[in-house]
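Please read them alongside the coordinates.

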Amino acid sequence: MPETVAATAPTVTPAQAAMLAARLVGDRAGDWDRAGRLPVDVVRALNTAGLLAPQIPTGYGGAGWSSLDSGEFTAKVGSLCSSLRSVMTSQAMAAWTIERLADRAQARSLLPRLAATDTAAVAFSEPQAGSDLSAMTTTVTMTGDTLRLDGHKVWVTAADHADLLLVFARLGDQGAVVVVPRATPGVRVHRRADPLGCRAAGHADVWFDAVRLPTSSLLGAGGQSLSLLVTTALSYGRMSVAWGCVGILRACLTAAVAHAGSRHQFGRPLAQHQLVARHLADLWAAEQVATRVCEHASRCWDTGSPEVVTATVLAKYVSAGHATRAAADAVQILASAGAVDGHPVARAYRDAKLMEIIEGSTEMCQLMLADHAVNRR
Amino acid sequence: MTVPSDQEVSDTGDRFDTAAPELVRFLTARTGRTWPPDTDLFATGGLSSLFAMELVVHLEQTYGVSVRGTDLRLDNFRTVRRMVALVDRLRNSEPGDHGA
């Protein structure tokens, strides 16, 4: 899957990126969560540094990172703020979709923008098409050199502030992805208030009413298989979500260990109570398992192994499940100390649950993995 | 995307004799089933679109081609013969540098 790119040194190293993210987020993630909004300057600062989508090839002005470096950075941001990590997932999934589907002129026009200035969101879900994206009704029709887009997308992450919307749609009996600037007449973006998790990630519903654009807005001229289009985009999204869950697990582990080591009850630290110690062991094991399964998937991505497809579904499934259970454990250990909105483990508890739903629910992942187990050797 | 993607896939690739056995070996190794050149992989009871994605990556890695844009049609991966034809067309017509 990866593009061969020139071996140019990235402008920002992964270590520098991690420090920048820690500085940008600081201790403000809880405030952003409660306010339901990320500061524009934080998103812009990450984008300017090329870090919203660091796998964009250097030939297109990106940092050209490997999946493994990008994944570790995604986990770092995910440990600080899942909303910001969600925005990264959207941006990088948009960039990957463009890299994969666009013709050369489109890639040259769009990717450098996503590598530095513009933000993007990817619109899949519809009111009647969630897991079953074959039920999608958003439609593109072509007349001469103009296309018309009509439809309604829901729960589009980062759409509330995105400059560009990548919209999956039907084109005849095939699929297509249309790049829609949000300022185009006929586009209406309506923010989703108070989502369960990733509250500051700018989820929105978007309506497209007779939106007219040049046919060059259709990535790669359109007419691809809708299922292959979706699988292509989601392969990046799943990898990113999986690494984001590693971040959630690390944040929970850090908070739980600190609390269990310092809080005394019945004359000794919580960590020395066996039932609490078991939670700590499970938290650590979950972080390790998720990290290893994500590393494996990223190595498959970086080496172009066909196994990447299944390894990515596995990474997403394992990491999201572990994050959900481990976040519940962390809240249990911190108890009243963590049971307040905005606290890292309270956010983790809500954010992790959402990770079991987006980019292929836990159940959809199970169906894919079962199919793999049955049909392959 | 470096190749006009609206070309019809030829059903007789020059490299059919060399590429097809490798592809059949890959399919057999992954699925435990044999796949004659014209058998539809994705027909009822066949393989998933997730597996199609795996085929995309396998073709790219094994034959040094880049399958992009409109070539991401399920029809291009439907049979061994069609995949060989796709590889053949991409090898003969693309410079191989998708990067800008």
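1. The hairpin of β2(A) and β3(A) has two residues between the strands, and in it A:G144 adopts a positive phi near 60 degrees. The structure under review is a predicted model.

2. Strand β2 (residues 139-143) of chain A and strand β3 (residues 146-156) of chain A are paired antiparallel through five bridges. Within β3(A), the residue opposite A:T141 is A:R148.

3. Strand β3(A) is also joined to strand β7 (residues 204-214) of chain A, by eight bridges and in the antiparallel sense. Here A:G151 has A:F208 of β7(A) as its bridge partner.

4. Helix α7 (residues 226-262) of chain A and helix α9 (residues 308-334) of chain A have axes that come within 8 Å and cross at roughly 25 degrees. Angles under 35 degrees count as roughly parallel, and α7(A) and α9(A) are therefore roughly parallel to each other. Their crossing is left-handed. The residues of this contact comprise 21 nonpolar, five polar and two charged.

5. On confidence, the model scores ipTM 0.84 and pTM 0.92. Chain B has an average pLDDT of 78, with 74% of its residues scoring at least 70. Among the elements of chain B, mean pLDDT is lowest for helix α1 (residues 16-31), at 85, and highest for helix α3 (residues 80-93), at 92.

6. In chain B, residues 1-13 have a pLDDT below 50, and this stretch makes 34 contacts in the model beyond near neighbours in sequence. Residues 96-100 of chain B also stay under 50, with 14 contacts beyond four places in sequence. Where pLDDT is low, predicted coordinates should not be read in detail.

Definitions and conventions:
Residues numbered from 1 in each chain as written. Chains lettered and ligands numbered in written order. Predicted model: local features only at pLDDT ≥ 70, side-chain atom pairs only at ≥ 80, totals over all residues. Axes fitted to C-alpha atoms, helices over the stretch in contact; angles between N-to-C directions. Helix = DSSP H or I, 4+ residues; strand = E, 2+ residues; numbered from the N terminus. Parallel < 35°, antiparallel > 145°, perpendicular 65-115°, else oblique. Left-handed = near helix turned anticlockwise from the far one by under 90°. Nonpolar A, V, L, I, M, F, W, Y, C, P; charged D, E, K, R; others polar. Pairing = 2+ DSSP bridges. pLDDT = per-residue confidence, 0-100. Contact = placed C-beta atoms within 7 Å.
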